Amino acid sequence: MRITKSHIPNIVTSVRIAGAVFLVFSELFSPLYFIIYTVCGVSDVLDGLLARHWKLQSGSGAVLDSIADLLFYGVSIIRIFPYLWDHLPFWIWIGVAFILVVRTASYLAAGIRYRRFASMHTYANKLTGACVFAIPYLSVWTGTPLYICLFGCFVGAVASLEELIVHLTSKQYNPDFKSVFIRARASGGAKAQNAENA
């Protein structure tokens with residue numbers, strides 16, 4: 001099969017999937033680990049940029065991107081979990097458990113309402129991903145992952161609750177949804193405009 005420009009964003013996304021597999025077998029915090037980890041992070045940014053720049057966004061590409069994100073961040077968390085367990089206080093794990101419960105409820109709600117897998121690329125989700133991504137670097141650099149994990153838990157809780165609320169209240173799945181705050185502000189602006197025109 002001839003590779004065309006339309007295939008490139010999905011190929012970049014697939015690099016993240018392959019990288020997640022290689023991370024399973026690389027030594028934590030080794031040079032090889034950070035090389036693979038960084039390449040995966042770059043692919044997470046690059047695939048979306050390329051798809052938007054070339055106007056190649058698609059439903060299948062969004063699903064592949066979400067799967068790649070879940071696999072990469074899932075593997076990353078599993079690999080670093082023993083280190084975090086030794087370096088984080090117990091109470092922070094209560095927050096992590098809360099996030100996982102809400103996130104699972106969000107996926108179930110989306111599956112029931114839309115009859116499909118739905119993971120939204122909201123701003124809060126992106127910030128959560130950035131916090132999770134930074135953990136290995138800051139753990140080596142500062143010697144403690146506490147503060148980035150604490151901030152990540154807060155943002156992750158907000159992101160998970162936001163996504164759950166959206167799935168429970170929206171009539172249809174909107175993969176381009178960015179934030180309830182933006183929607184609320186936009187709706188308020190629209191209502192004000194309608195009032196002026198009335």
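Me: Which side chain does His 121 join in a polar contact of 3.4 Å?
Reply: In this predicted model, the side chain of His 121 is joined to that of Ser 66 by a polar contact of 3.4 Å.

Me: And what does it pair with at 3.3 Å?
Reply: That partner is Asp 65, whose side chain makes a polar contact of 3.3 Å with the side chain of His 121.

Me: Where is His 121 found?
Reply: His 121 lies in the loop between α4 and α5, the latter covering 123–142.

Me: What else does His 121 touch, leaving out residues up to four places away in sequence?
Reply: With those neighbours left out, His 121 touches Ala 62, Asp 65, Ser 66 and Asp 69, and also Lys 126, Pro 175, Phe 177 and Lys 178.

Me: Switching to α3 and α4, at what angle do they pack?
Reply: Helix α3, residues 59–87, and helix α4, residues 90–114, pack at an angle of about 160 degrees, and their axes are 14 Å apart. Because the cut-off for roughly antiparallel is over 145 degrees, α3 counts as roughly antiparallel to α4.

Me: Is the crossing left-handed or right-handed?
Reply: The crossing in which α3 passes α4 is left-handed.

Me: Which residues meet there?
Reply: From α3 come Leu 70, Phe 81, Leu 84 and Trp 85, and they meet Phe 90, Trp 93 and Tyr 107 of α4. By residue class, this contact of α3 with α4 comprises seven nonpolar residues, with no polar and no charged ones.

Me: OK, His 87 now. Which helix is it in?
Reply: His 87 belongs to helix α3, and its side chain reaches the backbone oxygen of Tyr 83 at 2.8 Å.

Me: Why does His 87 count as partly exposed?
Reply: His 87 has a relative accessibility of 37%, so it counts as partly exposed, a class that lies between the cut-offs of under 20% for buried and over 50% for exposed.

Me: Last one, Ser 179: buried or exposed?
Reply: Ser 179, which sits in the loop between α6 (146–169) and α7 (180–197), is buried, with a relative accessible area of 10%.

Me: What does Ser 179 touch?
Reply: Not counting residues up to four places away in sequence, Ser 179 touches Tyr 123 and Glu 162, and a polar contact of 3.4 Å joins its side chain to that of Glu 162.

Methods: Residues numbered from 1 in each chain as written. Predicted model: local features only at pLDDT ≥ 70, side-chain atom pairs only at ≥ 80, totals over all residues. Heavy atoms only, no water. Axes fitted to C-alpha atoms, helices over the stretch in contact; angles between N-to-C directions. Helix = DSSP H or I, 4+ residues; strand = E, 2+ residues; numbered from the N terminus. Parallel < 35°, antiparallel > 145°, perpendicular 65-115°, else oblique. Left-handed = near helix turned anticlockwise from the far one by under 90°. Contact = heavy atoms within 4.5 Å. Nonpolar A, V, L, I, M, F, W, Y, C, P; charged D, E, K, R; others polar. Buried < 20%, exposed > 50% of the residue type's maximum accessible area, 1.4 Å probe, protein only. Polar contact = N/O pair within 3.5 Å; in protein donor to acceptor, adjacent residues only side chain to side chain.
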